[in-house]
Amino acid sequence: MNARVRLWCLRHAESENVTQGVAGAVPAAPLTARGRRQSVAAGRLLASEPTVRIYSSPSVRARETARLLAPPGVAVTVIPELAEVGIGEHEGSRDPSVRARTADVLRAWITERDLAQRVADGESGHEVIARVTAALHQIATAHPGETVAAVGHVASLTVTLSHLCTLGAQVWGSPLPHAHPFLVERHGERWTCPAWPAVPPD
């Protein structure tokens, strides 16, 4: 029951909502051509790992990333709770002020632990951490002593792992790069992130 679980987490590869400046969870946005190449490269990085299953957010971009990086014979399982942060009525906005407000809320969650803030009628930090933590616990409980991977999103993964791994404000200013796997481990009830990924050079 207390066997260590190795979980390779990553943000989905580059997608059209990112290149077009669309805010929110945007579940239907697909990968760009560059994103597809990034996904294949992530698969090569994980090729030496004994990965038994890939988990994914339900968004198209996360599922495409997971499918392209999955080794032959390794199944992809969708977990709805791995979705990106919801921003309510502003979902799908291209307004720069909405993106700025979203960044301000995420900063408040991570650096000030002000988890009550939200964008419009979207999710609070409390709600995001609760659902993503539930997903990660579900994954870890199903795979004692094994290695798995999870494809998620920049905001929901960052705020949750900052909380679970007690990283605090040190992760602010280091946004998760696209399709860059990094190791998260659970041993018993303790979560650790040995190294937060740096943005690679273009």
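**A guided reading of a predicted protein model**

The place of R63 is in helix α3, which covers residues 60-69; helices here are DSSP runs of H or I with at least four residues, strands are runs of E with at least two, and both are numbered from the N terminus. The model is predicted, so local features need pLDDT of at least 70 and side-chain atom pairs count only at pLDDT 80 or more, whereas totals for chains, interfaces and linings use all residues. Residues are numbered from 1 along each chain as its sequence is written, and side-chain values use heavy atoms, with hydrogens and water left out.

With a relative accessibility of 39%, R63 counts as partly exposed. On this scale, buried means under 20% relative accessible area, exposed means over 50%, and partly exposed lies in between, for a 1.4 Å probe and protein chains only. Apart from its neighbours within four places in sequence, R63 is in contact with S56, S57, P58 and V78, where contact means heavy atoms within 4.5 Å. R63 and L31 are 32 residues apart along the chain, and their C-alpha atoms are separated by 9.7 Å.

The view may now be widened to the whole protein. It contains six helices and six strands, and from the N terminus on these elements run β-α-α-β-α-β-α-α-β-α-β-β. The C-alpha trace spans about 45 × 35 × 30 Å along its principal axes. For 202 residues, a compact globule would have a radius of gyration near 17 Å, and the value of 16 Å for the protein agrees with this. That radius is taken over C-alpha atoms, and the globule rule is 2.2 Å times the number of residues to the power 0.38. Of the 202 residues, 51% count as buried. Among contacts with a separation of 6 or more, 70% are accounted for by residues 24 or more positions apart.

Nine of its 11 residues are buried, so α6 is largely enclosed by the rest of the structure. The buried residues of α6 are A155, S156, L157, T158, V159, T160, L161, S162 and L164. Their cover includes β1 (5-11), α4 (96-111), α5, β4 (147-152), β5 (182-187) and β6 (190-192).

How do α5 and α6 pack, and at what angle? Helix α5 (residues 125-142) and helix α6 (residues 154-164) meet at about 80°, with their axes 9 Å apart. Axes are lines fitted to C-alpha atoms, for helices over the stretch in contact, and angles run from 0 to 180 degrees between N-to-C directions. The angle makes α5 roughly perpendicular to α6, a class that covers 65 to 115 degrees, while under 35 is roughly parallel, over 145 is roughly antiparallel and the rest is oblique. On the side of α5, the contact is made by V128, I129, V132, T133 and L136, and on the side of α6 by S156, V159, T160, L161, H163 and L164. By class, this contact has seven nonpolar, four polar and no charged residues.

A last topic is the backbone angle phi. Most residues other than glycine have a negative phi. Just after α6, however, T166 takes a positive phi of about 50°. V26, in the loop between α1 (16-19) and α2 (33-45), has a positive phi near 40° and counts as buried at 16% relative accessibility. A120, in the loop between α4 and α5, has a positive phi near 50° and counts as partly exposed at 33%.

Conventions:
Nonpolar A, V, L, I, M, F, W, Y, C, P; charged D, E, K, R; others polar.
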